[in-house]
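Subject: Structure handover

Hello,

Here is the structure I said I would pass on.

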Amino acid sequence: MSSFNMVHAIGNYAVNFPAKTFSGAVIGCLALYHFYSKFSTTRKNQAVMTSEKHNLADELVLLTGGSGGIGKHIIEHLAHKKARVLVLDVKKPEFELSTGIAFYQTDITSTNDISRVASKIRSLHGDPTVLVNAAGIFHCGSLLEKSEREIRETFEVNTVSHFLLIKEFLPSMIKHNRGHIITIASIASFVTVAEMVDYCCTKASALAFHEGVKQELKYWYNAPNVKTSIIHPLWVETSMIKGFMQYQSQFAQPIMKPEVVAKAVLEQLLALALFSCAAQCQKGPATMYSEEPCKGKEVSVKSDNSCTLLPLEFRQNINGAQLPEDVVCNFFSDVKCEEPIFYGMEDPGLCSFSEQEFQNQTVSVQCYDGSL
């Protein structure tokens, strides 16, 4: 299996496996695995391009559920890449934290507690540039067996906390148009099995959360450089599936080591490190002209993938464009880059918009480095 054929998630919230037969769960999980073997993939909104030369020294990573299991291995990988890491968990780590790693005991289901910790983080470290929602919980049992407390806890940790955390930390990412939100979901996002119904519901919610955040970042907040990734694991050797592993002969499913999951998360973060160099690595700006052929008044548009609203005197008054090598520009008739009139103009540009019949229509422009 590749590093993206991932396993079940994560965190150090207590896992409760009742002393009972797991036959129903095993049958359900076999069905889940059958589906997984045909469908499993990592869904993300960007290509993963990594290199050993990239590190994460410029990132401040906020990791939930990092006091053990997969989270511990994520921390080890991040420390190796020189990232600064802030661990939020209800349980203190039982291992020594290396330089650049800080722990904050936090109830991530509490707005007040998140706000309290966020104030400390900002005063000591600044605003996080990466959020990894890795904390998770699972209570095994049928719908009628589980208590209200267990059901509510599952939804609060696995779903509600995601909303509370982005409300606290996403505004800074939007302001700077830079960041990355990684959501640890599950193959259970796509299929529900017996004795895991509440858990599966929360993982379907995680997928909906990811898709919604991605859309709002692009269309509501004009922050295309805030990246989002989602990972759909199956089974991993952590305390979360300890009860199933006691019946390994019946369980009969491949179980992966947590290091594999941690490595996959790291690859997503390395992808961010590559894309987030836009401010330092971006190509030169594109130049827009008010007259054909590339004459008259000029206005520059950065090639940083942001939506550039043209100055008033240039709106619906652009008739030519010159683009640097590898730069690609999209042209829109509205102020938020939502209504395209021309997609994919490449260098050297086009100095006569009338040839394409979209002269004097451009209101906003989005240019980016097409070589990435």
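Start at Tyr221, which sits in the loop that joins α5 (197–219) to β7 (226–231). This is a predicted model, so please read the rest with that in mind.

Together with Tyr219 and Trp220, Tyr221 makes a nonpolar surface patch of about 370 Å².

Next, the aromatic rings. Eight aromatic pairs turn up when the whole structure is searched. One of them is the stacked pair of Phe342 and Phe358, with 4.9 Å from centre to centre and 20° between the planes. Phe342 belongs to strand β13 (residues 340–346), while Phe358 is in the loop between β14 (349–350) and β15 (364–369), so the pair ties together parts 16 residues apart in sequence. Phe358 counts as buried, because its relative accessible area is 2% and the limit is under 20%. Phe342 and Phe358 also belong to one aromatic cluster with Phe331 and Phe353.

Last, confidence. The average pLDDT of the chain is 80, and 77% of the residues score at least 70. Helix α3 (residues 111–124) has the highest confidence, at 96, and strand β1 (residues 43–44) the lowest, at a mean of 38. The pLDDT is below 50 over residues 1–27, a stretch with 110 contacts in the model beyond near neighbours in sequence. Residues 29–53 also stay under 50, with 69 contacts beyond four places in sequence. Where pLDDT is low, predicted coordinates should not be read in detail.

Regards

Definitions and conventions. Residues are numbered from 1 along each chain as its sequence is written. This is a predicted model: local features need pLDDT of at least 70, side-chain atom pairs count only at pLDDT 80 or more; totals for chains, interfaces and linings use all residues. Side-chain values use heavy atoms; hydrogens and water are left out. Patches are made of residues with over 30% relative accessible area and no salt bridge: like charges are joined within 9 Å, nonpolar side chains (Val, Leu, Ile, Met, Phe, Trp, Tyr) within 5 Å. Accessible areas come from the Shrake-Rupley method with a 1.4 Å probe; for residues, only the protein chains shown count as cover. A salt bridge is a side-chain nitrogen of Lys or Arg within 4 Å of a carboxyl oxygen of Asp or Glu. Helices (H or I, at least four residues) and strands (E, at least two) are DSSP runs, numbered from the N terminus. Rings of Phe, Tyr and Trp (its six-membered ring) pair if their centres lie within 6.5 Å; planes under 30 degrees apart count as stacked, over 60 as edge-to-face and the rest as tilted. Buried means under 20% relative accessible area, exposed over 50%, partly exposed in between (1.4 Å probe, protein chains only). pLDDT is the predictor's confidence in each residue, from 0 to 100. Contact means heavy atoms within 4.5 Å.
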